[in-house]
Amino acid sequence: MTTKTSWRPTASVEVLRLRAGMLARTRTFFERRRVMEVETPMLSAAGTTDVNIHSLTTRVSGQPGAMYLHTSPEFPMKRLLAAGCGDIYQIARVFRDGESGRWHNPEFTMLEYYRLGMDHHRLMDEVEDLMGELLGEGAESLQCQRLTYRDAFLQAVGLDPLVAGRQELLDVLARRQVGLPGETLTDAQLSDLLMGTVVSPGLGRDRPCFVYDFPEDQAALARIRPGNPPVAERFELFYRGMELANGFHELCDADEQRQRFARDNQVRQELGLPAVPADENLLRALEQGMPACAGVAIGFDRLVMLAAGADQLSDVLAFAIIRA
Amino acid sequence: MASYQTSEFRSGLKILLDGDPYTIVENEFVKPGKGQAFNRVRVRNLKNGRVVDKTFKSGESVDAADVVETDMQYLYNDGEFWHFMDPSSYEQFAADANAVGDSVKWLKEEDICLVTLWNNSPLLVSAPNFVELKIVETDPGLRGDTAQGGVKPARLETGASVRVPLFLEEGEVIKVDTRSGEYVSRVKD
């Protein structure tokens with residue numbers, strides 16, 4: 001609906017100027033480290049199979065099927081890595097259906113980058129430097145806290161997420177007075193609810209906090225390190241209760257990647273969600289050989305929120321979805 | 001029956017939960033990066049005013065409550081029901097004591113009130129924010145005492161009791177803020 005004032009930006013000009021400065025500093029940061037900027041297509045014949053990420057689709061004349069608007073530039077960037085591009089980064093607009101709220105907009109800016117030869121710990125070191133560059137005073141580093149996923153849960157709710165059963169999750173949710181939806185939730189969904197409502201709001205209150213080594217069933221595209229129990233070499237960064245980044249020591253094994261796509265689509269079917277074609281080009285690239293690397297996706301708009309002291313995402317977007 | 005998806009949730013939306021009409025006070029979209037998305041919603045029960053928190057899995061849908069708010073003219077009380085009229089359609093509605101609630105002490109015939117209808121029957125009657133009512137009982141006025149700031153109780157034509165400045169007399173009309181129940185000013189003819 002248009003009104004007399006709906007043509008106006010949702011962000012102030014001052015915040016847009018701050019945002020432009022942060023984009024420039026990000027590019028300088030990577031230039032100094034010899035990481036190359038790339039651009040990959042927003043439209044793809046394959047989408048993400050991730051059960052909790054919903055793609056928007058569109059049609060393009062001359063193309064046989066529906067095309068997916070990317071939800072992250074991850075797959076084509078990995079194809080570039082396999083093609084020998086070396087270290088790369090991208091600042092891209094990505095699209096996720098159904099994500100709208102104080103911290104979400106269906107279209108947002110993602111900073112995604114890959115570093116050859118690094119594992120998730122070394123990548124966390126570098127992301128910490130980037131946070132210092134963008135959010136710290138001057139070039140001074142912003143000292144980050146580091147917690148395993150297990151310790152984050154143990155400290156917040158006294159529950160070991162790697163071994164807890166359904167009843168323990170239900171007990172903690174009841175004790176924290178988190179109401180359950182009418183529909184029955186799977187164990188994974190109960191743990192997401194606990195993470196989203198109780199654990200993550202308390203993370204990184206005073207300084208950014210990395211949470212790493214996730215449960216195996218939340219590996220997404222990370223390597224799994226064998227052990228008892230095995231853990232996924234994945235990390236997330238939280239600051240003032242907001243999730244800012246998600247990184248992996250990347251899975252390079254084509255067969256395992258193929259199995260994960262198939263498993264995702266099986267869960268999609270069980271949940272009544274549409275199946276998504278696996279990205280065969282990514283699988284071919286992995287078969288050909290992708291160099292060992294770590295990669296991370298950073299929510300750029302949320303960094304601007306922190307720098308601007310904004311309390312909602314629409315305050316840092318020129319035109320949030322309500323005025324798009 | 002109409003329904004809403006969680007993506008349509010916003011404050012002020014009227015929904016039906018366990019058979020009762022609710023209004024959404026606050027809606028928060030919560031989603032761990034790669035996890036299930038939820039809507040954490042604060043809702044107010046329109047029948048009893050109680051506020052509760054509910055969790056929905058994003059993508060769930062909820063029945064809409066047929067609730068509309070309309071300005072209506074208060075007509076009269078027949079001893080059991082308070083009768084209102086929609087001035088545009090002349091349709092009349094009878095509200096019970098439960099719907100009228102605390103507004104009863106401010107209701108003066110012909111005043112315009114905000115009536116909330118649920119399934120076309122009055123659920124809630126809100127008195128106008130300001131009403132002008134006649135003082136029917138108070139201690140005699142003290143002339144020349146306007147600067148003192150002293151107050152005394154006064155009973156109004158609708159039965160409400162408010163504290164008014166000492167200089168006011170029976171038969172005078174005053175303006176009252178119904179939200180706070182406080183005297184605002186004297187109304188001169």
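1. Start with Ile298(A): setting aside neighbours within four places in sequence, Ile298(A) is in contact with Met110(A), Leu111(A), Leu244(A), Ala245(A) and Leu303(A). Contact here means C-beta atoms, placed from the backbone, within 7 Å.

2. A quick word on what you're looking at: this is a predicted model, where local features need pLDDT of at least 70, side-chain atom pairs count only at pLDDT 80 or more, and totals for chains, interfaces and linings use all residues. Residues are numbered from 1 along each chain as its sequence is written, while chains are lettered from A and ligands numbered from 1 in the order in which they are written.

3. Ile298(A), along with Leu194(A) and Val211(A), has the most contacts inside the largest nonpolar core, which has 96 residues. Such a core is a set of buried Ala, Val, Leu, Ile, Met, Phe, Trp, Tyr and Cys residues joined through C-beta atoms within 7 Å; buried means 20 or more other C-beta atoms within 10 Å of a residue's own. Another core, of 26 residues, lies apart and includes Val115(B) and Leu133(B).

4. Now the interface: 21 residues of chain B are in contact with 25 residues of chain A. On the chain B side, E5(B) gives the largest share, 5 residues. Strands are DSSP runs of at least two residues, numbered from the N terminus.

5. Chain B also has an open sheet of 5 strands, ordered E14-E13-E12-E15-E16 with antiparallel pairing. Strands pair if DSSP finds at least two bridges between them. E13(B) and E14(B) are joined by 5 bridges, and Arg155(B) has Ser161(B) as its bridge partner in E14(B).

Notes:
Two residues are in contact if their C-beta atoms, placed from the backbone, lie within 7 Å. Helices (H or I, at least four residues) and strands (E, at least two) are DSSP runs, numbered from the N terminus. A residue is buried if 20 or more other C-beta atoms lie within 10 Å of its own, exposed if 12 or fewer, and partly exposed in between; C-beta atoms are placed from the backbone.
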